[in-house]
Amino acid sequence: MLTELVRSADAFAGVILVNAHGGNLQPLQAVLRTLRSEGRRIYAWMPSGANTDSHAGHTETSVMLHLQPDHVETALMRKGNTTPLPELIDRLRADGVAAVSPDGVLGDPTHASADQGATILERWTEQLTTAVEKWSRIWRDASAAL
């Protein structure tokens, strides 16, 4: 679906995909290889985060407390599995989140706050803006060289 969506955007100068889910990384890389081999201008960006805080942990919970606090059950917040993601990733991909965390939490949301969520979103916005500007310069310079 993503491949066809990007193909349908040929009238535009390029496509920027924002990936906010680590589980999408492998299929996204396959999509990027296919589309780039077809000559399409495509860039994929993913926010940076700690390897111990990947699912319902501090980062995601802080962002959600900032964006939609009514959707966060703060009374249920408990520290989850804080094992670094690289140590969990194979089992996580093979067997799902429940295999590495019975409650689905990877990280520690117990100190999350809306203020921290706002700070995280500001940082991600700056990172994305910088990345897109750099990507645009590369394409602009490549086009000018032709």
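**Salt bridges and nonpolar cores**

Arg40 and Asp10 form a salt bridge, with their closest N and O atoms 3.0 Å apart. A salt bridge here is a side-chain nitrogen of Lys or Arg within 4 Å of a carboxyl oxygen of Asp or Glu. Arg40 sits in the loop between H2 and S2 and Asp10 in the loop between H1 and S1, so the pair ties together parts 30 residues apart in sequence. Helices (H or I, at least four residues) and strands (E, at least two) are DSSP runs, numbered from the N terminus.

The model is predicted: local features need pLDDT of at least 70, side-chain atom pairs count only at pLDDT 80 or more, and totals for chains, interfaces and linings use all residues. Residues are numbered from 1 along each chain as its sequence is written, and side-chain values use heavy atoms, leaving out hydrogens and water.

**Salt bridges**
- The count comes to five salt bridges.
- Glu4, Arg7, Asp10, Glu38 and Arg40 are linked in a network of them.
- Glu38 and Arg7 meet at 2.3 Å, N to O.
- Glu38 is in the loop between H2 and strand S2 (42-45), and Arg7 is in helix H1 (residues 2-7), 31 residues apart.
- Arg91 and Asp95 meet at 4.0 Å, N to O.
- Both lie in helix H4 (residues 85-95), four residues apart, about one turn of the helix.

**Nonpolar cores**
- The largest nonpolar core has nine residues, including Val6, Leu17, Val31 and Ile42.
- A core is a set of buried (under 20% relative accessible area, 1.4 Å probe, protein chains only) Ala, Val, Leu, Ile, Met, Phe, Trp, Tyr and Cys residues joined through side-chain atoms within 4.5 Å.
- H2 gives the most to this core, with four residues.

Terms used. Buried means under 20% relative accessible area, exposed over 50%, partly exposed in between (1.4 Å probe, protein chains only).
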